[in-house]
Structures are given as C-alpha cells and as structure tokens.
Amino acid sequence: MAKQVLSFMLNDTETDVLVQPYVTLLDALREDLELTGPKEGCGTGDCGACTVHLDGKPVASCLVLALQARGRSVRTIEGLGRFGALHPLQDAFVRLGVPQCGFCIPGVIMAAAALLAENPRPTEEEIRYGIAGNLCRCTGYTKMLTAISEVAGAAPAREA
Amino acid sequence: MRRFDLALPRSLDDCLKLLAERGPEAKLVAGGTDLLPQMKNGLLKPAAVVDLSGVADLRVLGRQNGAGLRVGAAVTAREIELDRHTRAAYPALAESGALVGSVQIRNLATVGGNLCNAAPSADMAPPLMALEAEAVIAGPRGRRRVPLSTFFTGVRRTVLAPDEMLVELVVPAPGPRSGGQYLRHTPRRELDIAVVGVASQITLSDGVCSKARIALAAVAPTPIRATAAEQALEGQPLTAERIARAGQLALEAARPISDQRGSADFRRHLVGVLTRRTLTTALERAGRGHEGRREPPIR
C-alpha cells in the first residue's frame with residue numbers, strides 16, 4: 001500500500017508529508033513531523049493528551065486519520081506560542097508552576113486556548129467543562145483552574 | 001491499526017459507487033470516535049475505509065423547505081449543540097448533542113455515526129425518535145425514508161444494507177405549544193455512557209396533551225419508544241398524576257440488562273424518574289411557547 005501526500009496547513013506553515021492511509025493524525029504529527037507536544041495517553045479519545053486544533057476546534061488527534069486533515073488547518077502546542085512570545089496560557093502555566101509530570105499539559109493548554117478563543121470570559125464552571133475532556137493523572141486540576149482563570153480575567157485571549 | 005485502503009470521495013455518488021464495489025468489507029468513517037477505537041483494539045478489521053469528511057452533501061444543518069429541520073449525517077454533535085435554531089426549536093436534540101463525549105469528541109462525533117453505530121445507549125437517538133425524525137437512506141436503487149423508530153434492528157444493527165448509507169435526518173417541526181427535553185443518567189457528566197437516557201416531546205392544544213412521544217436509551221437492545229406511556233397522555237390534561245402514571249408505564253416498557261453501569265432494577269427505576277422529569281420540563285417549555293422559549297445554557 002502506497003503512502004499518500006497529506007497537504008495541510010500546520011502551525012501556519014503549508015506542509016506536505018507522505019503518510020500511510022491507516023495512520024492517525026497524532027502519529028503523523030509525532031512520528032513524521034517530529035511534533036511531540038501532542039501525546040498518546042489512551043489512544044481512544046478519553047484522556048485529551050493528544051488534543052490539537054483542527055480548523056480552530058479542539059479534537060482528539062488520536063481519532064483522526066491523518067488524511068482527514070487534508071486541506072485543513074492544524075495547530076499543535078508548538079504553534080500556539082514560541083520561546084520569548086509564549087501564549088498567555090503557556091506563560092501562566094509556567095509562572096504558576098502548573099505542570100507536575102507534564103504529560104497532560106499540552107492537551108490541557110490546547111483545550112483551554114480553544115475555550116478562551118470561543119468564550120474569552122468563561123465562568124469557573126465553563127472552564128471546568130472546557131477541560132473536562134483532559135485527564136491529569138497527577139490530579140493537578142486546581143492550579144490549572146487558577147492559571148486559566150487568571151488568563152481569562154487578566155487579558156483577552158489571543159486567537160488560538 | 002491494521003492496514004486498510006482509504007477512499008476519499010467528494011460526492012454521495014462516489015460513496016455509493018465505493019459501497020457497491022466493496023460494501024461488505026468497507027466501513028464508512030466520519031468522526032471516527034466510535035470506529036477508530038474498535039479498529040485499534042481489533043474488534044473491526046475493515047479492508048477498506050471510506051472517509052466522509054469531504055462530502056459536503058452530508059453536512060447540511062438547517063431548515064427544511066416549509067417547516068422542519070434537516071440534519072446531515074456528518075453534522076457534528078458540537079454543531080448541533082451550538083446551533084441557535086436547533087437549540088430554540090428542538091432543545092431535546094441540542095441537549096443530547098451537548099452530552100456526547102467531551103468537547104474534543106463532540107467536534108468529531110457525528111449524528112450519523114451515533115445512529116449508525118446503533119449502540120443501545122446512543123444519546124442522539126431518543127430525542128430524534130421523540131421528534132419523529134425520518135432517516136433518509138441512499139443506495140444503488142435510489143433513496144428511501146424510514147422512521148427512525150424502525151431504523152434500529154438490534155445491538156449495533158440497523159436497517160442499512162451493506163451498499164446503503166445514511167444521508168440525513170429530516171425532523172418535522174414540532175409546531176406551536178410544543179416542548180421537549182432529553183435527560184440521561186451517568187455517574188460522570190462528561191465522557192460517560194448513558195445508564196439510562198429518556199427524551200420526551202409533547203404538544204398542547206386546548207388544555208390537553210394532543211401529542212406525546214417518549215423514547216428511551218440503554219434499556220433494550222435498541223433505543224425504543226414507550227408507546228403505552230404516550231397513549232396514556234394523549235387527549236389528557238398533563239397533571240402530576242398523569243405524568244407519574246406515564247413514568248410507571250415507561251418503566252414497564254423497559255427491558256434492561258444488568259451490567260457494570262447499573263442493574264436492571266436500577267435502570268427501570270431511572271426510566272420512571274427521567275420520564276417524569278422530562279415530561280415536566282417538556283410541559284413547561286410547551287407552555288412558554290416558541291417565542292418565549294429560553295435556550296438551554298451553552299457549556
């Protein structure tokens with residue numbers, strides 16, 4: 001079976017990559033494009049560690065076939081901010097020491113960034129539901145809420 | 001995942017050609033949220049997968065000519081949850097969309113996938129059945145329509161032949177003085193599967209209930225209608241006693257199994273409770289009328 005060309009917009013860059021038709025977007029990002037921010041936790045869409053934005057919306061990239069992203073726009077945590085110009089959520093997560101083991105954090109930040117892009121002033125309940133699809137085995141949810149609330153209250157969310 | 005051929009059709013006709021060639025060994029994939037986990041764990045081993053994400057005809061969400069709602073099979077749960085017209089006129093359907101998975105799942109999962117996977121617990125089935133939706137099915141001999149109440153034939157089985165596919169749902173407008181609600185019981189609100197789900201949809205006229213539709217999920221091999229409960233309400237004023245009686249009749253219609261999510265007795269109990277609650281809310285929403293209807297909260 002031949003690989004096929006996946007042409008899509010990845011972190012604002014036109015990207016072509018050869019992928020097998022049976023690989024997931026998550027595997028193409030990690031294995032072929034060396035973007036290891038999105039993680040494979042469960043592989044079944046339950047944990048949220050693989051969250052990326054597909055056309056601006058948060059999705060579980062472990063449940064998307066790579067070629068389903070053809071012609072579309074994908075953003076990973078690597079394309080959210082950059083060194084020296086972090087996304088306000090990344091900045092808050094670093095300053096407040098949110099990560100413990102860190103495995104869930106890229107997915108949590110991508111879910112939160114999507115929430116704030118859609119709803120810049122969420123209530124605490126809306127924040128809780130915004131990241132309810134993300135599991136943190138360190139159970140570090142309290143600091144996540146603090147960091148996301150701070151960003152939501154302190155500055156308008158950037159386009160994610 | 002095991003290897004498979006992936007087809008990327010752009011039109012319904014191309015989908016039907018692919019199904020005609022490879023139907024029995026092919027699987028349609030839209031959101032992939034049910035299919036991919038089953039392919040990853042080896043439960044499903046399709047030789048061919050047909051991706052529906054490029055087929056624009058499956059993504060229609062809007063008013064039907066005249067009255068009613070068209071919901072394309074590849075419309076996502078999140079789109080249904082957020083659609084203003086759906087939230088205002090078909091709140092039970094919007095509520096069921098809002099309960100699927102997490103936001104990461106709802107942005108992928110589609111109404112067609114939810115129905116065609118035919119899990120007894122499918123959240124979007126009860127409201128669509130209570131709203132008397134019809135499934136529009138395309139196949140090699142053209143199109144046919146079946147009431148969604150007869151679409152499911154068993155656990156993970158539907159009336160679809162291997163060379164057929166679900167195109168869209170057509171939902172008649174409930175009309176003035178109608179109201180509905182979908183509620184489900186789960187230990188956890190997000191990313192959980194219904195222990196029991198109940199949708200009720202009623203219409204009032206001249207002080208009595210002129211029409212009642214009640215549909216139940218996760219209490220039989222397929223989502224089912226509680227017709228005895230419906231009949232006990234029609235032509236009657238909706239008093240608390242009649243609503244309680246309908247709850248009793250609905251729980252008698254349930255044929256649940258006991259499993260890790262709950263015992264059969266607990267499920268029957270829940271059917272009674274959720275039927276009463278959804279009927280009470282449906283009555284309140286119907287009384288408010290279309291204009292005064294509040295939208296369910298976005299989350």
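How many helices and how many strands does chain A have? Chain A has 5 helices and 5 strands. The legends below describe views of a predicted model.

**View 1. Chain A as a whole.**
Follow chain A along its sequence and the pattern reads β-β-α-β-β-β-α-α-α-α. Its C-alpha trace spans about 50 × 30 × 25 Å along the principal axes. A compact globule of 160 residues would have a radius of gyration near 15 Å. Chain A has 15 Å, so the value agrees with that expectation.

Where they touch, domain 1 of chain A brings 14 residues and domain 2 of chain A brings 12 residues. On the domain 1 side, strands β3 (51-54) and β4 of chain A each supply at least two residues. Which of these elements gives the most to that side? The answer is β3(A), with 3 residues. Sorted by class, the domain 1 side has 7 nonpolar, 5 polar and 2 charged residues.

**View 2. Helices α2 and α3 of chain A.**
In general, a pair of packed helices is described by the angle between their axes and the distance between the axes. Here, helix α2 (residues 88-95) of chain A packs against helix α3 (residues 105-118) of chain A. The angle is about 135°, and the axes are 10 Å apart. The two helices α2(A) and α3(A) are therefore oblique to each other. The crossing of α2(A) past α3(A) is right-handed. Look for L89(A), Q90(A) and F93(A) on α2(A). They meet I105(A), I109(A), A112(A) and A113(A) on α3(A). By class, this contact holds 6 nonpolar residues, 1 polar residue and no charged residues.

**View 3. Chain A against chain B.**
Here 24 residues of chain A are in contact with 24 residues of chain B. On the chain A side, β4 (57-60) and α4 (124-130) each supply at least two residues. The largest share of that side comes from β4(A), with 4 residues. What classes of residue make up the side of chain A that touches chain B? This side has 13 nonpolar, 8 polar and 3 charged residues.

**View 4. The two domains of chain B.**
Chain B is divided into domain 1, residues 1-51, and domain 2, residues 178-287. The centres of these two domains of chain B, taken over C-alpha atoms, are separated by 35 Å.

**View 5. Helices α10 and α11 of chain B.**
This view shows helix α10 (residues 240-253) of chain B and helix α11 (residues 264-288) of chain B. Their axes come within 8 Å and cross at roughly 140°. Is the crossing of α10(B) past α11(B) left-handed or right-handed? The crossing is right-handed. From α10(B), the contact takes I243(B), A244(B), A246(B), G247(B), Q248(B), A250(B) and L251(B). From α11(B) come R268(B), V271(B), G272(B), T275(B), R276(B), L279(B) and T280(B). The residues of this contact divide into 7 nonpolar, 5 polar and 2 charged.

Terms used: Residues are numbered from 1 along each chain as its sequence is written. Chains are lettered from A and ligands numbered from 1 in the order in which they are written. This is a predicted model: local features need pLDDT of at least 70, side-chain atom pairs count only at pLDDT 80 or more; totals for chains, interfaces and linings use all residues. Axes are lines fitted to C-alpha atoms, for helices over the stretch in contact, and angles run from 0 to 180 degrees between N-to-C directions. Angles under 35 degrees count as roughly parallel, over 145 as roughly antiparallel, 65 to 115 as roughly perpendicular and the rest as oblique. A crossing is left-handed if the near helix is turned anticlockwise from the far one by less than a right angle, and right-handed if clockwise. Two residues are in contact if their C-beta atoms, placed from the backbone, lie within 7 Å. Ala, Val, Leu, Ile, Met, Phe, Trp, Tyr, Cys and Pro count as nonpolar, Asp, Glu, Lys and Arg as charged, and the others, Gly among them, as polar. Domain bounds come from an automatic or database domain assignment. The radius of gyration is taken over C-alpha atoms; the globule rule is 2.2 Å times the number of residues to the power 0.38.
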